[in-house]
Amino acid sequence: MTPARLDAILERAAAKRFLVIGDLMLDEFVWGKVGRISPEAPVPVVEVTGESFYPGGAANVARNLRELIDRVAVLGMVGNDHSGAQLRNLLSGQQIDMLDSGKSGDFRTIVKTRIIARQQQVVRVDREQIVEPSAEQVQRVVSAVRQTLPQIDAIIFEDYGKGFLKSELVAEIARNARAAGKIVAADPNPRHPIDWSGMTVVKPNRTEAFLAAGILWREPDESPAADTDLIRAGDALLKKWGAKYLLITLGEHGMMLFQEKERPHHIPTKARQVFDVSGAGDTAIALFTLALCCDATPIEAAEIANHGSAVVVGKLGTATVTRAELVASFREDSERG
C-alpha cells in the first residue's frame, strides 16, 4: 500500500465514532535504575526515578483510536477508589468518554504495575479482582449500548479475562450491533471462553488461536505461510465463529489474515527494534477495525495494523501510534522498496 493510499484511508478516520467494551485497567510504570543486589535476598534493588500512569486494558484500545479519531467511548467496570479516580481523570484528559456500567460499590479498580530498570521490565505486580457483572448490570449495559448505537460506527470487545465480558452480554450487544449494520470486532482471551460467533473480525494471537481451535501448541515454523497447524487453526476458527475476517498476530513473524474463500495472507512484521510488547495487540485490533470503517480492504487494514504494532513495540510503556508515526512507517517501508 502506498503512502498516498494510506493518507486517503486516514482522511476518513477523524469522523468515525467507536465504542470499546471490556476490562478497564490502570497501567502504572515505575521507572528506575539498578545499582546493587539486595542484602536481604538475591534480587535487584531498583532506585525509583519516576512514575507514569496510562489507561490500560480496553482503555488502551480507546487511547489508540483517540490518536486518529475525535469520538471514542469506553464501557467497563471501574471502582470508587483512588485508582478509579486516576483512570477516570486520565480518560477525561484524553477526551475519551465513559459510559455508565452500573458499577459495584465494592469493586476495586484493576491496576497493573510494571517496574522498569534500564529499559527492562524487572517485575509486574497485578492488583485485580475477577468480578462478573450481575444480571441487572448486564441488562443496564445492553440498554446503554442500544441507545448509543445510532451514534457509533463500530464496537470493539477487548477481553482481558477479568470477568466483565460475560457471554450473554457479548451475544446481546453483538446481535443488536449487527442488526444496526455496525462493524463488530473482538480481541479474545484464552482463559475466558466466549462464543464470538458473528463478529466482523476476531483477533487472537497464535497461542490463543491454537487453544480456541483445540490444536496442540508448538513452536512456530520459520515461514508462517508453511505452518500447517497455523493454517489449520485459522480455518477452524473462521468456521467456528463465522467471522468475516480472522486476524492472527504472530509476534516477530507479523500477522496472518484469514477470510472465507481466500487463501491466508501473511503480513511480515515491520518492527526493527522491540523494547516493550505491552499493548501491541490493543493497537492491532484498534487499527484493523478503524481501517475497515474507512473503506480499506481487509489486506490494507492488516497492513495498517501491522505497521502500527511495529511502532508501539519500539516504545517503552503502554504506547500508542500517532498518524504522523504511521505515515512515516509506511514511507520508510516504501523507500526501502
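These questions and answers concern a sheet and a helix in a predicted model.

Me: In what order do the four strands of the open sheet stand?
Reply: Strands of a sheet pair through backbone hydrogen bonds, either parallel or antiparallel. In this open sheet the pairing is mixed, and the order is β3-β2-β6-β7.

Me: Which strands stand at the edges of this sheet?
Reply: An edge strand here has a single partner strand, so one side of it is left without a neighbour in the sheet. The strands placed in this way are β3 (44-57) and β7 (120-127).

Me: Do strands β2 and β6 run parallel or antiparallel, and which residue of β6 is the bridge partner of D27?
Reply: Eight bridges join β2 (residues 24-37) to β6 (residues 110-117), and the two strands run parallel. In β6, the bridge partner of D27 is K112.

Me: How far apart are the end C-alpha atoms of helix α5?
Reply: Helix α5 covers residues 167-179, which is 13 residues. At 1.5 Å a residue it should span 18 Å. The model agrees, because the end C-alpha atoms are apart by 18 Å.

Me: Within what arc do the buried residues of α5 fall?
Reply: The buried residues in α5 are L169, V170, I173, A174 and A177. An α-helix has 3.6 residues a turn, so residues three or four places apart point the same way. Seen down the axis of α5, its buried residues line one face of the helix, because they fall within an arc of 115°.

Me: Which elements are included in what covers the buried residues of α5?
Reply: The cover over these buried residues includes one helix and several strands. Among them are α4 (135-148), β1 (17-22), β8 (154-158) and β9 (183-187).

Notes. Residues are numbered from 1 along each chain as its sequence is written. This is a predicted model: local features need pLDDT of at least 70, side-chain atom pairs count only at pLDDT 80 or more; totals for chains, interfaces and linings use all residues. Side-chain values use heavy atoms; hydrogens and water are left out. Two strands pair if DSSP finds at least two bridges between them. The expected span of a helix is 1.5 Å times one less than its number of residues. Buried means under 20% relative accessible area, exposed over 50%, partly exposed in between (1.4 Å probe, protein chains only). The arc is that of the directions from the helix axis to the C-beta atoms. Contact means heavy atoms within 4.5 Å.
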